[in-house]
Every structure is written in C-alpha cells, then in structure tokens.
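Please walk through this model one element at a time.

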Amino acid sequence: MKKLKFVFNLMLCFALCVGLTACGGTEKNADFFVYYVGSDDISVVPVPYNLKSGADDANAKVDELINNLQSSVSGAKSCVPPISGGVELKDYKIEGTTVTLDFKQGYLKLGQYEEITIRAAIVKTLVQLNEVETVFFTVEDKPLTDANNVAMGGMKAESFADISPDTLSVTKEAKVKLYFASIAGDKLETEDRSLHYKTAVSPERVVIEQLLAGPKDSDKLPVVANGTKLLGITVKEGICYVNFDAGFLRGAPMVDPQVTIYSIVNTLSELPSVSKVQISIDSNSDVKYMEQIPLNQPFMRNLEI
C-alpha cells in the first residue's frame, strides 16, 4: 500500500496527553499497554496488558489487540474502549508491517478532539508490536482525511504529540442557560450557570454533561434518566448530533417525554454553533423516545413548552 504523507493537525497539541486515571497504569511498569480513552474524551490512558498470542503469530497478536480495543476494562468505568459507541470497525487487514483499519461512516461524525484521541489510542496500541510499523485509517474504504481534505496516511506513535497535564488544564469560562423540567414535569424552566471547562472540550459536551448532572435548584426536576451516558457529540453545518446510550430510553421519572427532548434541544440551541439537534441512541436514530417521539429527524428550538 502506498504510504501517503501524514499532515500534522496543529490542534493535536491541545488535545492529547497520556493520562493516568483510575483504570490506567504508568508507562514504566509494564512491557505492553492497551490504550483507552479517558472519561474526559481528550486523554489517552495506558492500561497494562499481557499478550496471550504466540510470539511468532503477528496476525493473532493484532486480532487480540483489536478485540481489546473494543472491550471495556473490567471494573473501570473511567476508561472507554476507543472502538465502541459510534466508532464501528468494518474490517482490518495486515499487509507487511502495515495495519489498515476500515471504519463505518459514523466515524466521520466524531468531534475533532474526540477523533484525534480515539485515533491516537488505537495507533499507540498497535505499533507496540514489532511486526507493525504504521497504521492506516479508512472510512468505507476511502482514506481518512484531515480538515483540508488531505489523507492522513500511515501513522506511528510519534505522529501524536504528548503534552503535559498543565497544558490540558487551561480552562475557559462561559455563562450558559440550561433547560430543566418544572416540579410538575410538564414544562421547561431555565437555570443559568457560570462554568469553567477545559478548552479542549467542546461547549456542546459541557452543557449536555451539565444536563445529565441535573438541576441545582430544588424546584426543578432532572430531565434525563439517571445513569444515562453520553457516547458522543459533534456539530456539522449547524446540526448537533447527540448520541446517548440505551439508558436514555428509560425516561426521567415524572417528566413529560416532550419536556426531556426539548430540554436537550433548547439547551444546545442556546449555543451559537447549533440551530438543530439530532438525537440518536447507540448511534441509531430510528427509534422512538418513550414510544412517543420519533428521533429520526433533527429538532429545532421550541420555547412554547
């Protein structure tokens, strides 16, 4: 396979670090690691791992690592497998010292920082093998490209700049308006907050995480089922794509389903980047929320509720 020149994305320097969380070890206390995505979506976390495949079987070792990149770490919720949620692997092949991974179309919906972090975790895991020098990414058999439509080409561990935690700790302040349910659960009520968040995290993710955390005021109700996980969020051409896990479908107790949907839509629509919101469950929008509200079309702000 022809190796295409890799063009560094300058934003990488603000997105990646090798993080240490509850699920990770250090890069000095093991011979091999599987890299996961930290709960903040911008850190790559090394988890010590012992290869079980035979030393001379390169294909088996790559198979084993890719299986691990798709599997959760037992007892460690703060580590997310890089190939999970909206990231679906169609196929992969090994040619000489190159591994090519082909992903489904949904990969292109990843946000910029999230995509870089996922790509870094996968590449850093695979190139530890002596038999693997470079890793290529394709989407539906077409080379993955950067924002300038230039093919990423073959990647190595050094393709990703590791920076200090101090750089990632740079924060931004913003005033946001969140929409929660009234105490009766049939109307929307707003709650203003001043937030400090990492500049490498999108404001869309920040406000949804605030919604998931629930209201601070006692006269408002949470709008999303407790324990719901945000699997991904990105904005393209004014549409914010929000991907929750199946826990979202349980519904919030005592809250009208319409209130829940428009709490999300209205909150995100307060951001200048968002004009419509598309909600999906485990990357599937062909579902009905609480068997009442179809999610197969983007929603627009509704201030009448």
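Two strands count as paired if DSSP finds at least two bridges between them. Helices (H or I, at least four residues) and strands (E, at least two) are DSSP runs numbered from the N terminus. This is a predicted model, in which local features need pLDDT of at least 70, side-chain atom pairs count only at pLDDT 80 or more, and totals for chains, interfaces and linings use all residues. Residues are numbered from 1 along each chain as its sequence is written, and side-chain values use heavy atoms, with hydrogens and water left out.

Strand β12 (residues 239–244) runs parallel to β13, and six bridges join them. Within this pair, Asn243 stands opposite Ser280 in β13. From β12 the chain passes through helix α5 (residues 257–269) to β13, a right-handed β-α-β crossover; right-handed means that, with the strands pointing away from the viewer, the path from the first strand over the helix to the second runs clockwise.

β13 also pairs with strand β16 (residues 299–300), in the antiparallel sense and over two bridges. Here Lys276 stands opposite Met300 in β16. Of the six residues of β13 (residues 276–281), five are buried (under 20% relative accessible area, 1.4 Å probe, protein chains only).

Elsewhere, helix α4 (residues 203–213) has buried residues including Val206, Val207 and Leu211. Gly214 follows α4 and has a positive phi, near 95°.

Finally, helix packing. Val62, Leu65, Ile66 and Leu69 in α1 meet Ala121, Ile122, Thr125 and Leu126 in α2, where contact means heavy atoms within 4.5 Å.

Conventions:
Buried < 20%, exposed > 50% of the residue type's maximum accessible area, 1.4 Å probe, protein only.
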